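User: I would like to learn how to read strand pairing and helix packing in a model. Please give the general idea each time, then the case at hand.

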Amino acid sequence: MLELKNISKYYNLGTVNEMCLFNNFNLSVNEGEFVSVVGSNGSGKTSMLNIICGSIDIDGGNILIKDKNITKMKEFERNKVIGRVYQNPAMGTCPNMTILENMSIADNKGKVFGLGRGTNKERINYYKEQLKLLNLGLEDKLNIKVGSLSGGQRQAMALLMATMTPINFLILDEHTAALDPKTADLIMELTDKVVKEKKLTTIMVTHNLRYAIEYGNRLIMMHQGNAILDKSADEKTKTKIEDILKMFNQISIECGN
């Protein structure tokens with residue numbers, strides 16, 4: 001469903017600080033897969049997500065979704081079929097707008113806006129039903145500004161908003177990293193529920209090895225722009241945190257750390 005073909009990406013091209021992150025990198029993600037991606041800082045995890053979403057350009061190769069080449073497609077165009085939840089809860093919501101207004105924005109993603117009202121009153125009951133699924137009581141706080149909510153509540157809203165409209169892909173960019181452990185667990189349970197109920201193809205970058213092991217049906221480890229580990233189905237199920245830590249330690253020794 002998603003293909004990264006012979007991707008090349010350089011930073012500071014043509015300068016003394018030139019660095020090649022990806023050199024003919026290839027990755028295929030099948031429809032319905034939930035891929036957990038781990039790796040050390042600078043391994044290429046977030047850059048890979050940015051390349052998929054169109055946040056950064058590539059220097060070579062092609063990106064395909066359902067056999068359609070989207071390499072030249074702008075980020076805002078890709079957003080019509082890709083939902084993304086960021087590490088910072090503030091990036092997925094509008095803090096100075098109410099919950100109702102945020103829901104309305106998400107509901108109209110990809111649509112042409114005219115001069116009518118920004119909020120359709122006929123959709124309010126639908127928004128309440130969607131918010132009720134979060135079990136956070138937000139359905140009774142539609143007129144509260146999102147900026148007054150806790151980080152966990154905002155991240156739950158960001159997840160809901162990213163998946164309100166039909167999408168091909170859900171991208172999770174360390175979306176629990178800024179939360180306390182209890183709230184992070186809640187968001188992961190909610191994430192798993194949303195992914196399964198909506199049958200979303202998902203890529204999740206995380207530094208939490210427990211989440212990488214427990215959630216999803218495929219596990220990838222990145223290092224220096226390459227996928228050095230790729231386990232699916234039964235292989236992933238048999239993988240333990242200790243196995244991943246052993247690989248991290250081996251990489252650290254090889255890099256002289």
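Analyst: Start with a definition: two strands pair if DSSP finds at least two bridges between them. The model here is a predicted one. In it, strand E1 (residues 2–11) and E4 pair in the antiparallel sense, over five bridges.

User: What is the order of the strands in the open sheet of four strands?

Analyst: Strands of a sheet pair through backbone hydrogen bonds, in either a parallel or an antiparallel sense. The order in this open sheet is E2-E1-E4-E5, and the pairing is antiparallel. Strand E2 (19–29) and strand E5 (68–69) are the edge strands, each pairing on one side only.

User: How many bridges join E4 and E5?

Analyst: Two bridges join strand E4 (residues 60–65) to E5, in the antiparallel sense. Leu 64 has Asn 69 in E5 as its bridge partner, and Ile 65 stands opposite Lys 68 in E5. The two strands form a hairpin with two residues between them, where Lys 66 takes a positive phi near 50°.

User: What is the strand order in the open sheet of six strands, and what is the pairing?

Analyst: The order is E6-E7-E8-E3-E9-E10, and the pairing is mixed. At the edges are strand E6 (82–85) and strand E10 (226–232), each of which pairs on one side only. Neighbouring strands in this sheet are turned against each other by 15° on average, with direction ignored.

User: In which sense do E6 and E7 pair?

Analyst: E6 and strand E7 (residues 169–173) pair in the parallel sense over four bridges. Within this pair, Val 85 stands opposite Leu 172 in E7.

User: And in which sense do E9 and E10 pair?

Analyst: Strand E9 (residues 218–223) and E10 pair in the antiparallel sense, over six bridges. Met 221 stands opposite Leu 229 in E10. E9 and E10 form a hairpin with two residues between them, and Gln 224 in the turn has a positive phi of about 50°.

User: Now the helices. At what angle do H5 and H6 pack?

Analyst: Two packed helices are described by the angle between their axes and the distance between the axes. For helix H5 (residues 151–162) and helix H6 (residues 181–198), the angle is about 15° and the axes are 10 Å apart. H5 is therefore roughly parallel to H6. The crossing of H5 and H6 is right-handed.

User: Which residues of H5 and H6 meet?

Analyst: On the H5 side they are Gly 152, Gln 155, Ala 156 and Leu 159; on the H6 side they are Thr 183, Ile 187, Leu 190, Thr 191 and Val 194. By class, the contact of H5 with H6 has five nonpolar, four polar and no charged residues.

User: Where does H5 lie relative to the strands?

Analyst: H5 lies across E6 and E7, and runs at about 175° to E6.

User: How do H3 and H4 cross, and what residues make the contact?

Analyst: The axes of helix H3 (residues 99–107) and helix H4 (residues 124–132) come within 11 Å, crossing at roughly 95°. That angle makes H3 roughly perpendicular to H4. H3 contributes Ile 99, Leu 100, Met 103, Ser 104 and Asp 107, and H4 contributes Ile 124, Tyr 127, Gln 130 and Leu 131. The contact of H3 with H4 divides into six nonpolar, two polar and one charged residues.

User: What about the crossing of H3 and H5?

Analyst: The axes of H3 and H5 come within 9 Å and cross at roughly 30°. Angles under 35 degrees count as roughly parallel, so H3 and H5 are roughly parallel to each other. Their crossing is right-handed. Ile 99, Asn 102, Met 103 and Ala 106 of H3 make the contact with Met 157, Leu 160 and Met 161 of H5. The residues of the contact of H3 with H5 are six nonpolar, one polar and no charged.

User: Finally, how many helices and strands does the protein chain have, and what is its radius of gyration?

Analyst: The protein chain has nine helices and ten strands. Its radius of gyration is 19 Å, which agrees with the value near 18 Å that a compact globule of 257 residues would have. The C-alpha trace spans about 60 × 40 × 35 Å along its principal axes.

Definitions and conventions: Residues numbered from 1 in each chain as written. Predicted model: local features only at pLDDT ≥ 70, side-chain atom pairs only at ≥ 80, totals over all residues. Heavy atoms only, no water. Axes fitted to C-alpha atoms, helices over the stretch in contact; angles between N-to-C directions. Parallel < 35°, antiparallel > 145°, perpendicular 65-115°, else oblique. Left-handed = near helix turned anticlockwise from the far one by under 90°. Contact = heavy atoms within 4.5 Å. Nonpolar A, V, L, I, M, F, W, Y, C, P; charged D, E, K, R; others polar. Rg over C-alpha atoms; globule rule 2.2 N^0.38 Å.
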